[in-house]
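Subject: Structure handover

Hello,

Please find the structure below. My notes on it follow.

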Amino acid sequence: MKSIQKIARPLLCLLCLLFAVLLIQNAPVVAKGAVQVIRLCLQTVIPSLFCFMVLTCFLINSGLYRFLSLPLAWVTRRLFFLPPELGSILLLGMVGGYPMGAKAIASLLQQQKIDPRDAQRMMLYCCCAGPSFIISAVGVQMFGSFSVGVLLFAVQLGVSVLFALVCALHCRLHSSRPAAIADPHPVSSVRPLGLGEAFVLSVAQSVEAMGQMFGFIVLFSAVGQLISSLLPCASLARALLLGCLEVTNGCSLASTLPLGAVFASCFLSFGGLSVLAQIMGILKGTHIRILPILLSRLLHTLVSGVLTFVLLKSLGESVSVFAA
């Protein structure tokens, strides 16, 4: 192991030097990619996510998420085999956008209000793009079709619910606690904050999380722009490359391709390395393993792509979606 590290470190140093040279030589290309994604973040990402992130943090810090979970208690306990007070967190993770589920689960873990096993399991399916991004940005702005955006969001949500049910069935079969009491008391008796203190803390936490997310988006978009300019990639190869790095650019390029909605569905499910890096940053110090999350995103990608292809063929969207 030490011999491998001795070899790997010099290689990494050489790669860093090479990357620095490429950045200097292709500074206009990198700057163009960064400016484009910054404009996109200011117009779409931040307006659609920041207020929602503040709301999510406020619900957790104030303890109000427990009251919002009451109408979902039966579904949360019986179908998803989770404590009933996590119903609102489950809903936020599925429809709130990529970092929302990770942010909410990390906050609960830091306050010791969720079992680590439940947190690990929820992270396998509480990592979805939000409806505003999929329907408005991807569907309407990129594909020029509201119905395509709704279809893409329905596929993402449906596959996530399917994953949640499968994980619940597996946990139910292998759990030592009876299903009738699958709603244990919180592992911590820490009292929630006052409303004013919770609001101030929620804004501060959201600004920090949004800044971290913004940095990853700009970095991976600029790197993707640099790589795509250096490699003589065809349009499909370039879309796959950028989609694996950052979901927004990948979906934008997919909108110009045949079977574009299928590729966009795959990119939305995977999220790109940028989203995975954001999740790793948010979950730092929580001891949640990243490898199961990565494997679940890959499986989610496969299922979403196949399901989108089948639905598009059956719904007859070939003219507006399958033709470039």
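How many nonpolar, polar and charged residues are in the lining of the second largest pocket? Before the answer, two remarks on the source. This is a predicted model, in which local features need pLDDT of at least 70 and side-chain atom pairs count only at pLDDT 80 or more, while totals for chains, interfaces and linings use all residues. Residues are numbered from 1 along each chain as its sequence is written, and side-chain values use heavy atoms, with hydrogens and water left out.

Pocket

The lining has five nonpolar, eight polar and two charged residues. Here Ala, Val, Leu, Ile, Met, Phe, Trp, Tyr, Cys and Pro count as nonpolar, Asp, Glu, Lys and Arg as charged, and the others, Gly among them, as polar. A pocket is an open set of points on a 1 Å grid over the protein atoms alone, where a 1.4 Å probe fits, with protein on both sides within 12 Å along at least five of seven lines; lining residues have an atom within 4 Å of a point. Of the 15 lining residues, Gln 36, Gln 225, Asn 249, Ser 252 and Leu 253 lie nearest the centre of the second largest pocket. Helix α2 gives the most to this lining, with five residues (helices are DSSP runs of H or I, at least four residues, numbered from the N terminus).

Cores

The largest nonpolar core has 57 residues, and Ile 89, Ile 105, Met 122, Tyr 125 and Leu 268 have the most contacts inside it. Such a core is a set of buried Ala, Val, Leu, Ile, Met, Phe, Trp, Tyr and Cys residues joined through side-chain atoms within 4.5 Å. Buried means under 20% relative accessible area, exposed over 50%, and partly exposed in between (1.4 Å probe, protein chains only). Helix α9 (residues 146–174) supplies the largest share of the core, nine residues. A second, separate core of 16 residues includes Val 30, Cys 57, Met 210 and Met 213.

Salt bridges

The count is two salt bridges, each a side-chain nitrogen of Lys or Arg within 4 Å of a carboxyl oxygen of Asp or Glu. One joins Asp 115 and Arg 117 (3.1 Å, N to O), and Arg 117 is exposed at 60% relative accessibility. The other joins Asp 118 and Arg 121 (3.2 Å, N to O). Asp 118 and Arg 121 both lie in helix α7, three residues apart. Asp 118 is buried at 3%, and Arg 121 is buried at 9%.

Regards

How values were computed
Helices (H or I, at least four residues) and strands (E, at least two) are DSSP runs, numbered from the N terminus.
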